[in-house]
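Colleague: I would like to learn how to read a protein model feature by feature. Can you take me through one?

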Amino acid sequence: MILAGAVATAGWGVPVTEVDGPAEAPPEGYAERQYVDSQGCIFVRVTGAEGLLAWAPVATPEGELLCGHKPSITMNLHVGAPQAEPPAPAETAPPAEATPEPLPEPAATAPEPSSETAPEPAGEPAAAPEPAGALAAPAAPQPRTPAPGATASRQPVRLLAIATVSSSMTDCAGGASAEAEVYVLSDGRRPVNCAGPAADPLAVLVAGDYLTAAGAAPEPPSGARYLQLGAFAKAGNAARIAALAMRLGYAVELQPGRIGTAAVTQVMAGPFAAPSDLRAAWRAFHTAGLGDAYYR
């Protein structure tokens, strides 16, 4: 199936049975019964298993996730470069930082990862492109110190989603653009482009030091015309990857497949007529953190 145009951002017609929770948890101390996440989807406070707090999705009459509402928490970000991480406390040694979860279900906290594997990027990193707009940056997350004897490693940051919001919801209010573009990253940061939707979001994020440009792409095999971005058992995960790819300017195809006995949806960028275009796509998606993307 070939997707044309943009995928709707308000739930993508996802059944509530496939939603595990909001796109991000409410802040500590949030006491309201209803919560609208950053994707505009509504959840209500319930008591989950063993008496623990949980957030249940609100459904439309068709049984789909109800979205399209103003988020409960207004973004409070500050214009400028990413802030330096504060030094780790000397008296404690928390466990090593966990690997960031892959792209989530719409309004879900922990989506299913892609089952495909790709080789590591090759070549020397390219120079960062010039920024396309001013970014607002949240405070840097508190670093975690590896346990004694453990090897410290920095996990690559992944671009999870791109959303366009009213500037009134951010610190960009009163600027030249009525809209701002929010980039949802796997490390919890949500930088905002106050200039509105960027012509090249990856260039903006690389220039702002939020993402690292991938190295030179390997040569595609003879006959390759696609870049497979992932294979997903849940339709919501496939829809999110497809939406991100199209926002980055790529044609997308969804193809049915199987992994063992499980039915999956394969998300493919392309087709590409020239090997140079295929290599450019490989580099773009590896810059976005999709390290499993590979030629097909």
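Modeller: Start with the disulfide. Cys-172 and Cys-194 form one, with their sulfur atoms 1.9 Å apart. Keep in mind that this is a predicted model.

Colleague: How many disulfides does the structure hold?

Modeller: One.

Colleague: Which parts of the chain does the pair Cys-172 and Cys-194 link?

Modeller: Distant parts, 22 residues apart. Cys-172 sits in the loop between β7 and β8. Cys-194 sits in the loop between β9 (192-193) and α1.

Colleague: Are Cys-172 and Cys-194 buried or exposed?

Modeller: Both are buried.

Colleague: Let me step back to the whole chain. How many helices and strands does the chain have?

Modeller: Three helices and 13 strands. Of the 296 residues, 44% count as buried. The chain exposes about 14900 Å², and carbon and sulfur atoms supply 55% of that area.

Colleague: What share of the contacts with a separation of 6 or more comes from residues 24 or more positions apart?

Modeller: The share is 69%.

Colleague: What does Leu-211 contact, leaving aside its neighbours within four places in sequence?

Modeller: Its partners include Val-157, Leu-159, Leu-185 and Leu-202. Thr-287 and Ala-288 are also in contact with Leu-211.

Colleague: What does Ile-162 touch, not counting residues up to four places away in sequence?

Modeller: The list includes Glu-181, Val-182, Tyr-183, Pro-201 and Leu-244. Compare sequence with space for one of them. Ile-162 and Tyr-183 are 21 residues apart in sequence and 4.8 Å apart in space, C-alpha to C-alpha.

Colleague: Aromatic pairs next. How is a pair of aromatic rings described?

Modeller: By the distance of the centres and the angle of the planes. The structure holds three aromatic pairs. In one of them, the rings of Tyr-30 and Tyr-35 have centres 5.4 Å apart and planes at 75°, so the pair is edge-to-face. Tyr-30 counts as buried at 18% relative accessibility. Tyr-35 counts as buried at 2%.

Colleague: What about the rings of Tyr-250 and Phe-272?

Modeller: Their centres are 6.1 Å apart and their planes at 65°, so this pair is edge-to-face. The pair links distant parts of the chain, 22 residues apart. Tyr-250 lies in the loop between α2 and β11, and Phe-272 in the loop between β12 and α3. Tyr-250 is buried, with a relative accessible area of 18%, and Phe-272 is buried, with 11%. Ring pairs link Tyr-250, Phe-272 and Phe-285 into a cluster.

Colleague: Which backbone oxygen does the side chain of His-286 reach?

Modeller: That of Ala-293, at 3.0 Å. His-286 is in helix α3 and counts as buried at 8% relative accessibility.

Colleague: Last topic, backbone geometry. What do most residues and peptide bonds look like?

Modeller: Most residues other than glycine have a negative phi, and most peptide bonds are trans. Now two cases here. A cis peptide bond joins Gly-270 and Pro-271, with omega about 10°. Pro-271 is in the loop between β12 and α3. Asp-209 is not a glycine, yet has a positive phi of about 65°.

Colleague: Where is Asp-209 found?

Modeller: In the loop between α1 and β10. At 55% relative accessibility, Asp-209 counts as exposed.

How values were computed. Residues are numbered from 1 along each chain as its sequence is written. This is a predicted model: local features need pLDDT of at least 70, side-chain atom pairs count only at pLDDT 80 or more; totals for chains, interfaces and linings use all residues. Side-chain values use heavy atoms; hydrogens and water are left out. Contact means heavy atoms within 4.5 Å. Helices (H or I, at least four residues) and strands (E, at least two) are DSSP runs, numbered from the N terminus. Buried means under 20% relative accessible area, exposed over 50%, partly exposed in between (1.4 Å probe, protein chains only). Accessible areas come from the Shrake-Rupley method with a 1.4 Å probe; for residues, only the protein chains shown count as cover. Rings of Phe, Tyr and Trp (its six-membered ring) pair if their centres lie within 6.5 Å; planes under 30 degrees apart count as stacked, over 60 as edge-to-face and the rest as tilted. A disulfide is a pair of cysteine sulfur atoms within 2.5 Å. A polar contact is a pair of N or O atoms within 3.5 Å; within protein, one must be able to donate a hydrogen and the other to accept it, and residues adjacent in sequence count only if both atoms are side-chain atoms.
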